[in-house]
Amino acid sequence: MNELLKILNDLDDSIDWEKETNLINDRLLDSFGVISLVAELGETFDITVDAAEIVPANFNSVDAMWQMIQRLQER
Amino acid sequence: MHVEQMDETIRRYGTPTYLFDTDIAAATVQAFRQALDGQADLCYAMKANPFLVQTMTAWVDRIEVCSMGEFYICQEAGIPPEKLLISGVRKDKEALWEVLDLYGGKCGYTVESLKQYAYLKEWSNRHAQKLSIYLRLSSGNQFGMDEDTVAEILEMECNSSYLQVMGIHYFSGTQKKSRKKILEELQRLDALLCDLEQRTGSEVPVLEYGPGLTVPYFEDQVDERWDTLKAMAQTMETMQWKGRIVLEMGRALVADAGYYLTRVKDTKCTDGTNYCIVDGGMHQMHYDGQICGIYRPHFRIRPQSDRGILRKWTVCGSLCTGNDILMRDVELDDLALENVFVFERTGAYAVTEGMALFLSHELPGVVLYSQKDGWTLMRSQQQTYEWNMKRR
């Protein structure tokens with residue numbers, strides 16, 4: 001989880017990542033951010049985030065992202 | 001646009017097709033002028049939609065041309081050179097001189113580098129003809145020149161016989177996230193223009209400024225264009241620099257005028273997810289900022305069912321890539337084969353931003369519509385495979 005937060009803060013440290021629950025819907029995290037993030041997450045956690053995973057439900061909050069990461073790691 | 005016209009378009013021209021409503025484009029320009037209250041003239045950046053350049057020429061004060069292809073489109077459309085601003089980060093000498101030999105000083109020309117400046121200067125000296133030039137100021141990227149270079153050129157040309165610096169050209173980016181950024185830019189440009197005039201002792205008559213207004217493409221986004229224009233008008237009114245402002249816009253002017261029509265050709269249910277495959281896709285349509293259908297665009301379906309058989313669908317294009325998702329988890333009433341999706345707000349960039357040659361699919365047709373003139377076919381569906389093979 002800390003590794004995830006570090007990646008997010010490197011992306012944009014002006015966002016209170018742990019508090020936000022509507023990152024995608026509120027456009028705090030835009031498509032450029034998602035693309036950068038997907039690349040970083042893939043490398044750091046050794047997962048493949050394919051197009052089917054790129055949905056608001058997986059990126060609207062840090063918890064949602066963490067759940068996705070854990071699920072993909074099990075594959 | 002009324003559903004009857006939409007249905008008639010589908011009937012006449014099939015899918016995949018772009019429909020551009022020129023009445024909407026004209027109405028948007030009128031509304032922009034009203035909101036601006038005479039504080040600025042308008043320039044249409046034709047890169048947003050070249051199919052609308054003839055329509056827009058009647059309503060705006062000039063057209064920004066950024067490639068030889070765009071130039072030829074304008075030539076074919078008979079657009080008077082007096083309405084052209086020859087712009088672009090790359091202006092090859094031969095190409096630039098081709099334009100100059102044809103239209104000379106009737107067009108305006110932007111300068112994005114010392115080389116571009118040299119090409120214009122050489123031509124104007126050789127032909128003893130006056131040219132109006134606009135110096136593009138950099139916003140910190142590959143476009144334009146820095147302030148010192150701009151000032152140097154202004155100083156060099158203030159006593160020139162042939163090159164007249166008509167103005168400064170500035171554009172820092174599209175779809176700006178905040179209105180504040182636009183207003184701050186205007187204020188900084190105000191200070192800069194006053195400073196340049198003072199330093200060089202010569203007037204800078206025009207500011208060609210692209211605000212980069214945001215078009216709300218997706219559901220739950222608010223349209224702030226009108227309030228932003230009014231705020232800009234207020235800022236422009238109080239500027240110290242007293243020259244003429246030309247607002248250079250493309251997306252904001254024509255996005256609303258476009259509809260992308262694409263038909264359902266296959267449906268399936270896989271592991272509980274309903275998929276439909278349309279005859280278009282991301283090779284033909286794009287919304288700025290969209291990725292894998294993460295955001296929901298505005299759309300309609302023709303014909304619209306009211307049977308109340310609601311299911312969630314993922315709408316995919318024709319491409320063999322998992323990324324070609326136009327919409328996800330969208331609740332639709334009784335979706336059936338041959339239903340046509342009408343994607344709205346696709347009048348700007350959408351028609352040219354897709355990966356058109358991938359998989360050698362056809363290009364969509366393009367049709368204009370107005371109440372007065374009805375339908376005008378601009379381009380029927382075109383094959384692209386010939387460009388992906390050894391040409392005959």
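## One helix of chain A

In this predicted model, Asn2(A), Lys6(A) and Asp10(A) are exposed on one side of helix H1(A), where exposed stands for over 50% relative accessible area, buried for under 20% and partly exposed for what lies in between, with a 1.4 Å probe and protein chains only. On the other side of H1(A), which runs over residues 2–11, Leu4(A), Leu5(A), Ile7(A) and Leu8(A) are buried. Seen down the helix axis, the buried residues fall within an arc of 160°, so they line one face of H1(A); the arc is that of the directions from the axis to the C-beta atoms.

These buried residues pack against helix H2 (31–45) and helix H4 (62–73) of chain A, with contact taken as heavy atoms within 4.5 Å. Helices (H or I, at least four residues) and strands (E, at least two) are DSSP runs, numbered from the N terminus.

## Basis of the model

Residues are numbered from 1 along each chain as its sequence is written, while chains are lettered from A and ligands numbered from 1 in the order in which they are written. Local features need pLDDT of at least 70 and side-chain atom pairs count only at pLDDT 80 or more, whereas totals for chains, interfaces and linings use all residues, and side-chain values use heavy atoms, with hydrogens and water left out.

The model scores ipTM 0.91 and pTM 0.96. For chain B the mean pLDDT (the predictor's confidence in each residue, from 0 to 100) is 97, and 100% of its residues reach 70 or more.

## Chain B

Chain B contains 11 helices and 17 strands, and 54% of its 392 residues count as buried. Its C-alpha trace spans about 75 × 55 × 40 Å along the principal axes. Among contacts between residues at least 6 apart in sequence, 71% join residues at least 24 apart.

One example of such a residue pairing involves Tyr13(B), which lies in helix H1 (residues 3–13) of chain B. Leaving aside residues up to four places away in sequence, Tyr13(B) touches Val367(B), Trp375(B), Leu377(B) and Gln381(B); the C-alpha atoms of Tyr13(B) and Gln381(B) are separated by 9.0 Å, although these residues are 368 apart along the chain.

## Where the chains meet

At the interface, 13 residues of chain A are in contact with 15 residues of chain B. The two chains bury about 1,100 Å² between them, 59% of it on carbon and sulfur atoms, where buried area is the accessible area (1.4 Å probe) that two parts lose on being put together, summed over both. In chain A, Arg27(A), Ala51(A) and Ile54(A) lose the most area to chain B, together 49% of what that side buries.
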